[in-house]
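I opened this model to look up strand pairing, nonpolar packing and salt bridges. My entries are set down in that order.

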Amino acid sequence: MQKEPMLKVTYNKLSEELEHLKSVERGAIAKVIDEARELGDLKENAEYHAAKDKQGLMEARIAELTDIVGRAQVVDPSTLPHTRVSFGSTVELTDQNSGEEVHYTIVGGTESDPSKGLISIQSPMARALIGKEEGDEVSLVLPSGKKTYDIEEISYKEIILD
């Protein structure tokens with residue numbers, strides 16, 4: 001079973017959602033299904049079918065959250081040295097061809113948001129960066145072609161999730 005690294009805030013959020021689904025939503029949807037059953041013929045009962053669909057989606061989400069929370073490895077990146085790229089590191093890279101600078105912060109899969117520069121530790125970019133030091137070179141084969149970056153700076157900055 002592969003561990004899922006994540007921030008404490010994410011772990012707490014997912015755990016709370018899981019508990020809410022199990023303790024509140026499960027009972028509520030069961031009640032709606034029972035009430036819909038009482039309306040008669042189940043073949044043509046739209047309320048019943050909608051409630052059963054909602055129950056299926058909820059149970060799938062419960063299974064997904066149970067898996068993620070069960071594999072969670074809570075990491076506090078502020079305690080890590082960040083002399084090498086690791087979980088929670090913010091990395092400043094320069095594209096060797098274009099000179100373009102990009103910044104990425106390495107986070108868990110459930111926290112990733114590439115549009116905000118938060119990349120999953122399982123992503124090809126993060127895998128290539130993990131363990132590297134400032135001044136190292138990283139080459140990646142991307143859909144747009146091969147790119148080579150220079151690691152300019154590795155640091156820790158507080159990670160803000162919405």
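The entries below record what I looked up.

**Entry 1: basis.** I note that the model is predicted, that local features need pLDDT of at least 70, that side-chain atom pairs count only at pLDDT 80 or more, and that totals for chains, interfaces and linings use all residues. Residues are numbered from 1 along each chain as its sequence is written, and side-chain values use heavy atoms, with hydrogens and water left out.

**Entry 2: strand E3.** I took helices (H or I, at least four residues) and strands (E, at least two) as DSSP runs, numbered from the N terminus. Buried means under 20% relative accessible area, exposed over 50%, and partly exposed in between (1.4 Å probe, protein chains only). Seven of the seven residues of E3 (residues 89–95) are buried, so the strand is largely enclosed by the rest of the structure. Ser89, Val91, Leu93 and Asp95 point one way, and Thr90, Glu92 and Thr94 the other. In a regular strand the side chains alternate between the two faces of the sheet.

**Entry 3: pairing of E3.** Two strands pair if DSSP finds at least two bridges between them. I find E3 antiparallel to E7 (residues 145–156), with seven bridges; there Glu92 has Glu153 as its bridge partner. E3 also runs antiparallel to E4 (residues 101–107), with five bridges, and Leu93 stands opposite Val102. Five residues separate the strands of the E3 and E4 hairpin, where Gly99 takes a positive phi near 80°.

**Entry 4: nonpolar cores.** A nonpolar core is a set of buried Ala, Val, Leu, Ile, Met, Phe, Trp, Tyr and Cys residues joined through side-chain atoms within 4.5 Å. The largest has 23 residues, of which Leu93, Ile106, Met125, Leu129 and Ile151 touch the most other members. A second, separate core of 15 residues includes Leu18, Leu21, Ile33 and Ile68.

**Entry 5: salt bridges.** I counted a side-chain nitrogen of Lys or Arg within 4 Å of a carboxyl oxygen of Asp or Glu as a salt bridge. The search of the whole structure gives nine. Arg26 and Glu59 form one, with their closest N and O atoms 2.9 Å apart. This pair links helix H1 (residues 8–37) to helix H2 (residues 46–71) across 33 residues. Arg26 is partly exposed at 34% relative accessibility, as is Glu59 at 27%.

**Entry 6: within H2.** Asp67 and Arg71 meet in a salt bridge at 3.2 Å, N to O; both lie in H2, four residues apart, about one turn of the helix. Asp67 is partly exposed at 41%, whereas Arg71 is buried at 15%.
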